[in-house]
Amino acid sequence: MANSKYEYVKSFEVEDEVMPPNLIVVRIDGRGFRRFSEVHEFEKPNDERALNLMNSCAAAMLEEYPDIVFSYGFSDEYSFVFKKTTKFYQRRASKIVSLVVSFFTSIYTTKWKEFFPHKELRYPPSFRAWVICCASMEVLQTYLAWRQNDCHINNQYNTCFWMLVKCGKTEEEAQEVLKGTHKQEKNELLFQQFGINYKNLPSMFRQGSCVCKTQVEDIVKYSENGTPVKRLRRKPIIVHSDNIAARSFWNEHPFLLKELGDFREDINNIKPEYVKSFQFENKLMPLTWIVVRIDGCHFHRFSEVHEFEKPNDEQALNLMNSCAVAVLEQFKDVIFSYGVSDEYSFVLKKDSQFYQRRGSEIVTALVSYFTSIYVMKWKEFFPQKELKYPPCFDGRAVLYPTSEILRDYLTWRQVDCHINNQYNTCFWMLVKSGKSKSEAQAYLKGTQAREKNEVLLQQFGIDYNTLPLMFRQGSSAFWNEEEKTGMYENGASAEKSGKKVVVEHCNIIEQSFWEAHPSILNEKPHMV
């Protein structure tokens, strides 16, 4: 297919490879999970089912991605450690972190009913994430020790806090009682006032949870005489340990020694600021347009497994559009979005301070929320189709310095929409008429736009220009001024203006669209 003159905008994409021998750790954190836990009435200070759901998601991650060899989590966070030789997504940080957070979100939303069969998922859970580049095994060891120490400190405090609240104190009074108390004092408070020996609380609450791999024998098939045929394979297991950064724990798991390395000595002094300095973060340049583009991961297979209509499945496209609308409604800094097929681009306002313009957190928040909405809304658009496996997306952030270049980016995506849709329409009509996929590809090789239009018209009686606009031009979602008619108490009518997210299928290449909607890019309309 021909390239368009707008492809120069790809030069604004930057490489973000995590160079070896750095070890890659992806840490995810629940977004607004304090409110999420209250709305869904999680048990305080620890909800065992909620923690088991997190652990189940982590185990699924290790099943899905062989390059993840270890993970550790507590509360609403999890850290995933990749093997030292990983080439996953060519070690590109934005791809890795967005894919990890998207798949975790998809699993969490999909598995909700398994762990909370009597609780409705009232709104989409989502996570943010970032990469930590561990320059050595010592850094990884310190990182893990820091996270487990945080688990202990937070759990001990929360156990005291919620016991005080449950016995009648207000949250402010409980905070005041615990202010300035040390570890031993908290233990004494629990034992003397509530008869709780902190060390006897479940290990999962006090120590967090690890997921690592062990070798097990699995039955892969049965021979003709009924004898099971077994094979060794790596299977994720959930374990609890009081010190995951200890040499003794590491040495108990040969697979970790092989894929990561060993710890030379135990550590006692944890310096969080030292570990935080290894966080892989690109703070995005101020006063530039931020575009977060997300793409379906392996959606060619996903569309086949779920039997999407070819070349365009209207319900699948409407589901993507519905997710885009939800993103605009959730994140007020997103002012415009454009989507086609399994991709969507979200434009954040030029002066946005969302997450202080930290790229990883912006991208993962949007990707995670989009994924969550996609899973939750599946039945709304496909009531007769089961979601057979969790969908996921990857994303990246690209900066554009001017409105003109931003518009060229959006033009490039719409030109691509036309080129791809015209080709796919011809391709699938040829396949449906009896040609093999290879024959259809060979038939279309080297053809121009006019020739494809002739193929459609002459062979199939299809005028390409009469196909639905959504297929030919993609979808734009944006905030639009809306006039509403209200009534005063005396019965008189009153005009009120408000904003609403709308989805339109229109030509965003032409100047006329932007002149009709000057508020999107905050530009004044041209005077005639």
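Predicted model: local features only at pLDDT ≥ 70, side-chain atom pairs only at ≥ 80, totals over all residues.
Residues are numbered from 1 along each chain as its sequence is written, and side-chain values use heavy atoms, with hydrogens and water left out. Local features need pLDDT of at least 70, side-chain atom pairs count only at pLDDT 80 or more, and totals for chains, interfaces and linings use all residues.

Strand E8, residues 289-296, runs antiparallel to E11 and is joined to it by 8 bridges, and isoleucine 290 stands opposite leucine 399 in E11.

In helix H11, residues 299-305, we find serine 303, which counts as buried because its relative accessibility is 6%. Leaving aside neighbours within four places in sequence, serine 303 is in contact (heavy atoms within 4.5 Å) with Phe308 and Lys310.

The model has 23 salt bridges, each a side-chain nitrogen of Lys or Arg within 4 Å of a carboxyl oxygen of Asp or Glu. One of them joins aspartate 67 to lysine 83, with the closest N and O atoms 3.7 Å apart; aspartate 67 lies in the loop between H2 and E2 and lysine 83 in the loop between E3 and H3, so the pair ties together parts that are 16 residues apart in sequence. Arginine 450 and glutamate 454, by contrast, both lie in helix H16, 4 residues apart, and their closest N and O atoms are 2.9 Å apart.

Key: Pairing = 2+ DSSP bridges. Helix = DSSP H or I, 4+ residues; strand = E, 2+ residues; numbered from the N terminus. Buried < 20%, exposed > 50% of the residue type's maximum accessible area, 1.4 Å probe, protein only.
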